[in-house]
Amino acid sequence: MSENLWTPAVVRRLLLDHVQPLPPRPAPLPQASGLVLAEDLGATADLPRFASSAMDGFALRAADTAAAPVRLQVLGRALAGRPFPGEIAPGVAVAIATGAAMPIGADAVVPVEMAEFDGDMVAIHRAVEPGRHVRAAGEDLLAGTLVLPAGTILGPGQLAAAAAMGRGQLIVHPRPIVSVVPTGDEVRPPGAALGPGQVHDAVSAPLSALLAELGAIADVRPVTPDDQAALAEAVHAASGTADLILTIGGISVGERDLVRQLGGTIDLMPIQVALRPGRPFAFGRVAGVPLCGLPGNPAAALASFEELVRPVVLALQGKPPSLRPSLQATLTAPIKLRPGRLQLVHCRIWWESGRLRAQPLVGRGTSSFSAMAAGNALAVIPADATDASAGAEVAVRPLTEPPAVKADPPPA
């Protein structure tokens, strides 16, 4: 730490020390996508549950083809979900569809393209060995095998395995509900008419998008005016349903920065972070619910979320509390260094001749909507960086998939 500034890493550690994964609960299979499994899931039966055909063809006894070419009588047909009811005796066969259960007595399948069917007889020209084109019962999983350990993030493949085992619901850590509480007399919701000195709330909507990207549920609250009692009421109301509260604005050192002045039943600690943008921050609890106070400046609020809050939202779900993954890119223009503070700089990245390029987008001041609108990544400049000149290699965190060619900005 330097000049009473907390490094982002220290702040993250503080936050993560005070949150735990949400208590597990059952969730229907279609709603469990992206969630973390909170139970070990073992196979309750063999998979496949029965021997089945891997081809359209004829189920038979392999021994009957040893003297091929041979002709066998076809007794009937086996379809998926409609097994042949009888037993295969020597010298006979059953027409079978892919996925159909193997008839009793059959141990091989001859593909239809390797046989000649005529009336109720089939000619087999080549011998087949036992097990040919047969999916054996339990060849994938045997009953009792651990399939998905607790802690697994559930994607389509994991849900397919759970469904195949007959599970209609799973025990998971649920999606956290994150209440977003914008504050400020000057702040109006998007779409509302503006009076003198007023601005639209440009933080709640992108925060909602970032929360949804992480699998959380955003609960955007109405704008709360700069009034101590109203602020306290707003955060207490949010604590009734939220797993995490994010306030926007009111955490700097000004007389009207009332969020940082909340007291009583609200335990809140103002923090100065070595982050640009995003120096002011606050952390505490409201009725046991963790609260993170973000700056009111849109670029600073979003930078604070990325660097400090993102891991918290993941941790509540039982996921690894990681930052956004980064790639290495070559700067096409310099970035001014700010020693002692980690910088997150909006940039535009693209692939060119097999290399990732990054064009810094630096507007006037710390919050440039033109830079945010044109950017598709954040360049990460460490606090102790010594070179961010054109041609330098820097870490970038893609916000969207980088294009293969540079997209020019629209004309002014």
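Is the crossing of helix 3 and helix 5 right-handed or left-handed? In this predicted model, the crossing of the two helices is right-handed. Helix 3 covers residues 204-213. The axes of helix 3 and helix 5 come within 11 Å and cross at roughly 30°. Helix 3 is therefore roughly parallel to helix 5, since angles under 35 degrees fall in that class. On the helix 3 side, the contact is made by Pro206, Leu207, Leu210, Leu211 and Glu213. Helix 5 contributes Leu302, Phe305, Glu306, Arg310 and Val313. By class, the contact of helix 3 with helix 5 holds 7 nonpolar and 3 charged residues, with no polar ones.

Helix 5 also packs with helix 1. Helix 1 spans residues 8-16, and helix 5 spans residues 298-316. Their axes lie 9 Å apart, at an angle of about 30°. Helix 1 and helix 5 are therefore roughly parallel to each other. Helix 1 passes helix 5 in a right-handed crossing. From helix 1, the contact draws on Pro8, Val11, Arg12, Leu15 and Leu16. From helix 5, Glu307, Leu308, Pro311, Val312 and Ala315 take part.

Aromatic pairing was examined next. The count comes to 1 aromatic pair. The rings of Phe58 and Phe117 have their centres 5.6 Å apart. Their planes stand at 45°, so the pair is tilted, because stacked pairs have planes under 30 degrees apart and edge-to-face pairs over 60. This pair links distant parts of the chain, with Phe58 and Phe117 59 residues apart. Phe58 belongs to strand 5 (residues 57-60). Phe117 belongs to strand 9 (residues 115-118). The accessibility of each partner was also computed. Phe58 has a relative accessible area of 4% and is therefore buried, the limit for that class being under 20%. Phe117, at 47% relative accessibility, counts as partly exposed.

Backbone geometry at two prolines also stands out for description. A cis peptide bond joins Ala68 and Pro69, with omega about 10°. Pro69 sits in the loop between strand 5 and strand 6, the latter covering 70-78. Strand 5 is also the strand that holds Phe58. The peptide bond from Arg276 to Pro277 is cis as well, and its omega is near -10°. Pro277 lies in the loop between strand 20 (275-276) and strand 21 (280-286).

Positive phi values were found at His133 and Ala287. His133 is a residue other than glycine, and its phi is near 60°. The loop between strand 10 (121-124) and strand 11 (134-135) contains His133. At 22% relative accessibility, His133 counts as partly exposed. Ala287 is not a glycine either, yet its phi is positive at about 50°. Ala287 is placed in the loop between strand 21 and strand 22 (289-294).

How values were computed: Residues numbered from 1 in each chain as written. Predicted model: local features only at pLDDT ≥ 70, side-chain atom pairs only at ≥ 80, totals over all residues. Heavy atoms only, no water. Phe/Tyr/Trp six-rings, centres within 6.5 Å; stacked < 30°, edge-to-face > 60°. Helix = DSSP H or I, 4+ residues; strand = E, 2+ residues; numbered from the N terminus. Buried < 20%, exposed > 50% of the residue type's maximum accessible area, 1.4 Å probe, protein only. Axes fitted to C-alpha atoms, helices over the stretch in contact; angles between N-to-C directions. Parallel < 35°, antiparallel > 145°, perpendicular 65-115°, else oblique. Left-handed = near helix turned anticlockwise from the far one by under 90°. Contact = heavy atoms within 4.5 Å. Nonpolar A, V, L, I, M, F, W, Y, C, P; charged D, E, K, R; others polar.
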